[in-house]
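This report takes up a single protein chain, its sheet, its cores and a few details of its backbone. Please look over the sequence and the model before reading on.

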Amino acid sequence: MGGLIDKIHRRAKTSLFFLRLDNRIEQLRCWLRFISCSDERSVRKVFASVFKWPLNLDEPQTLNEKLQWLKLYDHKPEYTVFGDKYAVRDYIARHFGPDLLVPLLFSTTSWRDVRKENIPDVPCILKASHDSGHNLIIRDKEAVDYPRLRENCRYWLHTNYYHIWREWHYKDIKPRRILIEQLLLTQEGKIPNDYKLHFIDGQFQFIYVSFDRQGVNDRCLYDIDWNRLPFVWVPADSYRPEMNTADVPRPATFPEMLRIGAEIARTMHYVRVDFYDVDGKLYMGEITLSHGSGFDSFFPAEYDRIYGEKMKLAK
């Protein structure tokens with residue numbers, strides 16, 4: 001059976017029929033995994049598979065262990081708002097001003113509305129409002145394969161992302177939407193750096209910069225004084241020894257990023273607040289409650305424990 005599914009998955013790259021079949025198989029597999037075990041058992045299985053040691057929920061020590069604990073036990077209504085890329089726009093506008101919002105060009109709750117006539121004539125990014133990682137950059141709407149795109153949007157809208165990694169804040173996002181935002185570009189036509197500020201128990205810890213994603217595609221980390229930090233925190237299969245070597249200048253908007261991030265983080269054990277600086281104009285990105293769902297790896301590994309010690313859980 002596994003070989004047949006692999007063949008379907010490969011054929012899905014070029015065939016709309018097999019894409020539809022592949023998506024439905026994945027939906028079924030996701031649902032079966034979800035109903036077959038509890039949230040705790042699920043995160044224990046994935047954690048042990050990724051890190052090669054058992055998850056300690058009774059006395060979590062590392063940052064990734066504590067993120068698993070937060071996923072299971074730290075649930076507040078506002079977290080659903082933070083996880084919803086559409087609803088969080090209202091939160092950002094009310095608390096920090098509408099000028100921080102990336103322009104929203106189109107929104108729909110139906111995958112059938114994803115048609116050429118609804119795609120803007122400017123570079124844009126299409127994304128799901130209720131999950132992580134499902135998006136498509138569109139620079140030329142004439143070059144889009146719309147039947148494939150609609151099928152993928154159908155799959156996204158029918159998927160509860162909570163079922164995959166048990167991140168509670170995705171569980172009750174309703175309605176699920178397809179969003180189209182303006183693609184932010186610098187004067188040179190490049191996608192801007194993504195500045196990800198990490199806070200633990202309300203205190204800024206480090207900034208993780210996704211630098212020149214269409215070029216060197218580096219990940220650089222700095223402290224509050226913009227001193228380079230000697231680690232990275234990325235999926236294990238994407239780690240490269242040459243990461244964290246590019247020189248990223250500190251943006252003039254960094255103090256404002258710190259101010260906004262600290263306001264959001266003040267009552268939270270952990271949060272990551274993302275920003276873009278486009279030629280000096282500041283925009284807010286996502287508010288993330290569990291970086292990498294708590295399954296990204298620190299290189300060197302000891303920094304997982306170093307930052308875990310900074311979080312004091314009230315159990």
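Which residues does Phe82 touch, not counting residues up to four places away in sequence? Phe82 touches Val88, Tyr91, Ile264, Met268, Ile287 and Leu289, where contact means heavy atoms within 4.5 Å.

## Basis of the model

The model is predicted, so that local features need pLDDT of at least 70 and side-chain atom pairs count only at pLDDT 80 or more, while totals for chains, interfaces and linings use all residues. Residues are numbered from 1 along each chain as its sequence is written, and side-chain values use heavy atoms, with hydrogens and water left out.

## Nonpolar cores

The largest nonpolar core has 35 residues, and those with the most contacts inside it are Phe82, Leu197, Ile207, Ile264 and Met284. Such a core is a set of buried Ala, Val, Leu, Ile, Met, Phe, Trp, Tyr and Cys residues joined through side-chain atoms within 4.5 Å; buried means under 20% relative accessible area, exposed over 50%, and partly exposed in between, with a 1.4 Å probe and protein chains only. At least two residues of this core come from each of helix H5 (77-83), helix H6 (87-96), strand S5 (194-200), strand S6 (203-211), strand S7 (218-222), helix H9 (254-265), strand S9 (270-278) and strand S10 (281-288). Helices (H or I, at least four residues) and strands (E, at least two) are DSSP runs, numbered from the N terminus. The largest share of the core, six residues, is supplied by H9.

Apart from this core lies another, of 27 residues, which includes Leu221, Phe231, Val234 and Phe298.

Five strands form an open sheet in the order S7-S6-S5-S9-S10, with antiparallel pairing; two strands pair if DSSP finds at least two bridges between them. S7 and S10 are the edge strands, each pairing on one side only, and the twist averages 25 degrees from one strand to the next. Within the sheet, S5 and S6 pair in the antiparallel sense over seven bridges, and Phe199 stands opposite Phe204 in S6.

H9 lies across S5, S6, S9 and S10, running at about 40 degrees to S5. Axes here are lines fitted to C-alpha atoms, for helices over the stretch in contact, and angles run from 0 to 180 degrees between N-to-C directions.

## Helices H2 and H7

The axes of helix H2 (residues 16-36) and helix H7 (residues 146-157) come within 10 Å and cross at roughly 10 degrees. H2 and H7 are therefore roughly parallel to each other, a term that applies to angles under 35 degrees.

In this contact, Leu16, Leu19, Arg20, Asn23, Arg24, Glu26 and Gln27 of H2 meet Pro147, Arg148, Glu151, Asn152, Arg154 and Tyr155 of H7. The residues of the contact divide into four nonpolar, three polar and six charged; Ala, Val, Leu, Ile, Met, Phe, Trp, Tyr, Cys and Pro count as nonpolar, Asp, Glu, Lys and Arg as charged, and the others, Gly among them, as polar.

## Backbone details

The peptide bond from Lys174 to Pro175 is cis, with omega near -10 degrees, and Pro175 lies in the loop between helix H8 (162-165) and strand S4 (178-182). The bond from Phe299 to Pro300 is cis, with omega near 0 degrees, and Pro300 belongs to the loop between strand S11 (297-299) and helix H10 (302-308).

Phi is positive in Lys52, near 65 degrees, although the residue is other than glycine; Lys52 sits in the loop between helix H3 (39-51) and helix H4 (63-73) and is exposed, with a relative accessible area of 69%. Ser293, a residue other than glycine, has a positive phi near 60 degrees; Ser293 is placed in the loop between S10 and S11 and counts as buried, at 5% relative accessibility.

How values were computed: Parallel < 35°, antiparallel > 145°, perpendicular 65-115°, else oblique.
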